[in-house]
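Good morning. I will walk through one model today, starting with its sheets and ending with some local details. Please have the structure open as we go.

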Amino acid sequence: MAEPVRPGHEAAWQAAVDRLAHLVRLESPSGDVARLGALRDVLAGRLAELGAAVDLVPGEAGDHVRAAFPAAGPGREHILVVGHYDTVWEAGWLAGHPFTVRGPVATGPGAADMKGAIVALELAFERLRSSGRALAQPVQVVLVADEEVSSPHGRDAVMAAAAGAAAVVGLEPPHPDGGLKTGRRGVARVRLECRGREAHAGLAVARGVSAIDELLDQLAALRDTLPPAADLGWNIGRVSGGTRANVVAGRASAEIGLRFAAPQTERAALAAVRGLTPVRPGAEVTAQVLASRPPWPAAPVNRLAQHVIALAAGLGEQLGARPAGGAGDTNFTGAAGLPTVDGLGPLGRGAHSPAESVRVDSILRRADLLAALFSTPLPPLT
């Protein structure tokens with residue numbers, strides 16, 4: 001059943017919807033530097049209006065936005081907020097999947113992952129400012145431009161901002177029940193490329209070496225040589241090659257996603273990929289790791305998650321916490337041993353699917369929770 005807007009919250013509800021609509025309609029596919037730049041400027045401008053010192057960290061696929069909000073007292077360690085503003089959706093997707101609001105649910109590309117979370121973050125700082133509440137410790141925000149392709153350059157921006165941080169919180173969507181995320185599997189994005197020799201497919205087929213045939217055999221071989229570890233997952237995400245049906249393919253490639261929970265599984269999986277050798281004479285096979293994130297193992301006790309759960313309880317919301325199967329930029333900080341919790345984004349569903357949606361009421365609740373986190377002194381976390 002749709003939850004009604006609470007009396008007195010109509011203006012906040014509409015403000016959240018309006019801001020989300022604006023951000024969703026600014027399409028921001030990973031790698032589209034021009035479109036990312038347009039959204040970057042909107043986000044940087046708003047964070048500056050809210051009181052942050054904002055700078056742009058250059059990246060090959062788009063600049064990363066870094067914002068620093070000072071606290072009243074000097075010398076305190078900061079909370080780092082990690083998010084991203086790129087999406088998986090190519091330019092033009094919005095035309096067939098427009099931003100809509102039905103009851104408490106808003107749909108549109110990137111609404112859940114993670115423009116709704118960015119709206120919640122902005123609202124948190126707005127609420128602190130309007131209520132006169134001060135930050136209990138400095139807050140830094142990093143919004144990277146290449147998270148959806150495993151942050152090959154955003155990783156450096158995140159870890160630079162993590163230096164000296166007391167805690168790291170991620171704005172990725174929570175578990176379906178709203179629970180926080182206290183660990184993540186690692187991920188690697190690998191490009192497997194095969195080269196052969198082109199020839200006429202009818203008149204001189206014997207002179208050719210098919211790169212596509214080689215790639216198919218290599219993928220079949222990889223299936224057999226990957227370690228049989230329970231924590232390993234893999235997916236062939238993209239395959240391309242060849243030029244015409246009457247030409248023996250001279251080149252073919254596949255992009256493979258690997259997921260793993262343990263460092264030893266990561267090492268074994270990458271060794272299997274790198275150990276592939278040509279099946280047929282004249283073929284060449286190379287493997288390149290395009291981007292990777294280390295596994296973030298769940299600790300027996302996550303005091304930062306406990307702190308956030310207690311703050312949520314004070315706001316009337318009961319949250320849990322557990323590890324997640326997906327990867328994100330908190331992999332970097334969690335793997336580095338920094339107190340980290342993710343899943344502070346609002347409730348949604350269908351991320352990376354045409355059914356992507358987010359709950360507007362959850363955006364408002366997450367804004368309240370983030371405001372409480374920023375204005376409450378952190379307890380000892382280690």
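**Sheets, pocket and local details**

Start with helix H5, residues 154-162, which lies across E1, E2, strand E3 (78-84), E6 and strand E7 (165-170). Its direction is at about 175 degrees to E6. Contact here means heavy atoms within 4.5 Å. Axes are lines fitted to C-alpha atoms, for helices over the stretch in contact, and angles run from 0 to 180 degrees between N-to-C directions. Helices (H or I, at least four residues) and strands (E, at least two) are DSSP runs, numbered from the N terminus.

A word on the source. This is a predicted model, in which local features need pLDDT of at least 70 and side-chain atom pairs count only at pLDDT 80 or more, while totals for chains, interfaces and linings use all residues. Residues are numbered from 1 along each chain as its sequence is written, and side-chain values use heavy atoms, with hydrogens and water left out.

Six strands form an open sheet with mixed pairing, in the order E1-E2-E6-E3-E7-E14. Two strands pair if DSSP finds at least two bridges between them. Strand E1 (53-57) and strand E14 (340-341) are the edge strands, and each pairs on one side only. Inside the sheet, strand E2 (residues 64-69) runs antiparallel to strand E6 (residues 139-144), joined by five bridges. Arg66 stands opposite Val142 in E6.

In the loop between E6 and H5 we find Ser151. Phi of Ser151 is near 55 degrees, a positive value in a residue other than glycine.

A second sheet is open too, with four strands in the order E4-E5-E16-E15 and antiparallel pairing. Strand E4 (100-102) and E15 stand at the edges with a single partner strand each, so one side of each has no neighbour in the sheet. Strand E5 (residues 105-107) pairs with strand E16 (residues 357-359) over three bridges, in the antiparallel sense. Thr107 has Ser357 in E16 as its bridge partner.

Helix H4 lies across E5, E15 and E16, at about 35 degrees to E16. Met114 is in H4, and the peptide bond from Asp113 to Met114 is cis, with omega near -5 degrees. Most residues other than glycine have a negative phi, and most peptide bonds are trans.

What does Glu122 form a salt bridge with? The partner is Arg19, with the closest N and O atoms 2.8 Å apart. Glu122 lies in helix H4 and Arg19 in helix H1 (residues 10-25), so the pair ties together parts that are 103 residues apart in sequence. A salt bridge is a side-chain nitrogen of Lys or Arg within 4 Å of a carboxyl oxygen of Asp or Glu. The count by this rule comes to 20.

E9 and E11 run antiparallel and are joined by 10 bridges, with Val187 partnered by Arg259 in E11. E10 and E11 pair in the antiparallel sense over eight bridges, and the partner of Trp234 in E11 is Leu258.

Finally, which element gives the largest share of the lining of the largest pocket? That is E11, with five residues.

Thank you. Questions are welcome.
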